[in-house]
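Biologist: I would like to go through this structure term by term. Please set each value against its definition.

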Amino acid sequence: MIAVLIVSLLLFFAEIVFIRTARRSGLSAIPVSRSSHTVPTVSGAGIIFPLGIFACTALFQPRYAIFTAGLALLSAVSFADDIRPISAGRRFAVQGVAALLMLLQGLPSGYSQWWALFALFCILAIVNAYNFMDGINGITGLYTLAVLLPLICINRTTPFITPEILYVTLAAILTFLFFNCRRRAVCFCGDVGSVSLGYILAFATLLLILRTFDLSYIALFLVYGIDTAATLVRRALRRENLATAHRMHAYQLLANELRIPHIAVATIYALLQLLISAGLLYSHLSPCIYLPAVTVALLAAYAAVVQAAGKRK
């Protein structure tokens with residue numbers, strides 16, 4: 001644990017150095033019409049998330065090298081995208097390669113091609129949902145806490161991953177929240193942060209599912225998943241270009257149209273996911289009953305937010 005503490009402290013100082021360097025270099029997110037912030041803010045501070053994993057792989061678990069290579073590729077392209085936009089097609093191609101590397105690392109031989117394709121779809125869905133949902137102060141960090149804490153608890157009783165991976169990621173998230181979870185954020189995580197977090201958590205969840213043979217653990221991402229899927233369907237029905245920026249996610253409507261403070265919205269999302277995960281882990285309901293019921297409730301909540309936002313316009 002001393003090594004974990006040292007890595008955590010180094011990540012904190014690395015974040016400070018990055019923020020100062022980014023300010024001098026002009027690496028900032030400039031507000032546009034669809035932004036949820038109003039002043040230029042340092043972006044890309046989520047670079048500490050992959051850095052933490054690189055340290056973990058080197059110090060604690062070298063056999064995760066293939067997964068780490070995928071993370072390095074994904075993070076490099078995402079960081080480059082934070083500096084100068086890269087086409088969606090190229091970014092998605094890199095995500096596909098990184099997802100295949102994750103499967104090569106985590107998926108044992110003998111699994112069917114259909115299972116591999118389903119796992120590939122889930123990995124890409126989680127990575128992109130994390131990217132889409134990173135739009136207001138605090139939401140990425142707080143929601144990640146809501147995913148990480150259950151994973152840490154499960155890992156103590158049913159070991160599925162080297163625990164240092166989870167602890168260092170937790171330390172990196174707490175560091176990022178110190179600078180981001182404010183009314184006026186000091187920094188944003190950028191694509192390098194949101195995409196890499198989605199990749200890291202998808203890897204941990206993949207290992208958990210393979211260890212337990214229980215697909216219901218996908219519900220650890222249910223709140224993000226429903227918001228992302230419902231928004232994509234809604235935009236498709238409106239015949240919008242799904243590749244363009246927008247402010248139609250429920251969290252964006254809550255923050256922008258309904259004027260609820262960013263931190264309050266982020267906290268609601270995190271607490272809701274924690275509640276759902278606690279129900280999954282500790283209730284006696286069958287997942288075949290519990291998950292459809294929760295999904296319907298989340299869809300109803302999404303529809304209510306859309307309706308309320310529409311009345312404000």
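Biologist: How many cavities of 30 Å³ or more does the count come to?

Modeller: The count comes to two cavities of 30 Å³ or more. Some ground rules come with that. This is a predicted model, where local features need pLDDT of at least 70 and side-chain atom pairs count only at pLDDT 80 or more, while totals for chains, interfaces and linings use all residues. Residues are numbered from 1 along each chain as its sequence is written, and side-chain values use heavy atoms, with hydrogens and water left out.

Biologist: What makes a set of points a cavity?

Modeller: A 1 Å grid is laid over the protein atoms alone, and a cavity is a set of points where a 1.4 Å probe fits but cannot get out. Lining residues have an atom within 4 Å of a point. Grid points are joined across faces, edges and corners, and the volume is the space filled by probe spheres set on the points.

Biologist: Why is the pair Asp81 and Arg91 called a salt bridge?

Modeller: A salt bridge needs a side-chain nitrogen of Lys or Arg within 4 Å of a carboxyl oxygen of Asp or Glu. The closest N and O atoms of Asp81 and Arg91 are 3.7 Å apart. That is within the limit, so the pair counts. Asp81 lies in helix α3 and Arg91 in helix α4, so the pair ties together parts that are 10 residues apart in sequence.

Biologist: Why is Asp81 called buried?

Modeller: Buried means under 20% relative accessible area, exposed means over 50%, and partly exposed is in between (1.4 Å probe, protein chains only). Asp81 has 12%, so it counts as buried. Arg91 has 24%, so it is partly exposed.

Biologist: How many salt bridges does the structure hold?

Modeller: It holds three. Arg235 pairs with Glu240, with the closest N and O atoms 2.8 Å apart. Glu240 also pairs with Arg238, at 2.9 Å. These shared partners join Arg235, Arg238 and Glu240 into one network. Arg235 is buried at 2%. Arg238 is partly exposed at 49%.

Biologist: What makes a set of residues a nonpolar core?

Modeller: The members are buried Ala, Val, Leu, Ile, Met, Phe, Trp, Tyr and Cys residues, joined through side-chain atoms within 4.5 Å. The largest such core has 100 residues, and Phe49, Tyr130 and Leu151 are among those with the most contacts inside it. Helix α8 (residues 190–212) gives the largest share of this core, 13 residues.

Biologist: Which residues does Leu151 touch?

Modeller: Contact means heavy atoms within 4.5 Å. Leaving out residues up to four places away in sequence, Leu151 touches Phe160, Leu166, Leu201, Ala204, Thr205, Leu208 and Leu220.

Biologist: What makes the phi of Phe213 worth a remark?

Modeller: Most residues other than glycine have a negative phi. Phi of Phe213 is near 60°, a positive value in a residue other than glycine. Phe213 is in the loop between α8 and α9 (222–237). It is exposed, at 66%. Arg259 also has a positive phi, about 60°, and is not a glycine.

Note on methods. Helices (H or I, at least four residues) and strands (E, at least two) are DSSP runs, numbered from the N terminus. On a 1 Å grid over the protein atoms alone, a cavity is a set of points where a 1.4 Å probe fits but cannot get out, and a pocket is an open set with protein on both sides within 12 Å along at least five of seven lines; lining residues have an atom within 4 Å of a point.
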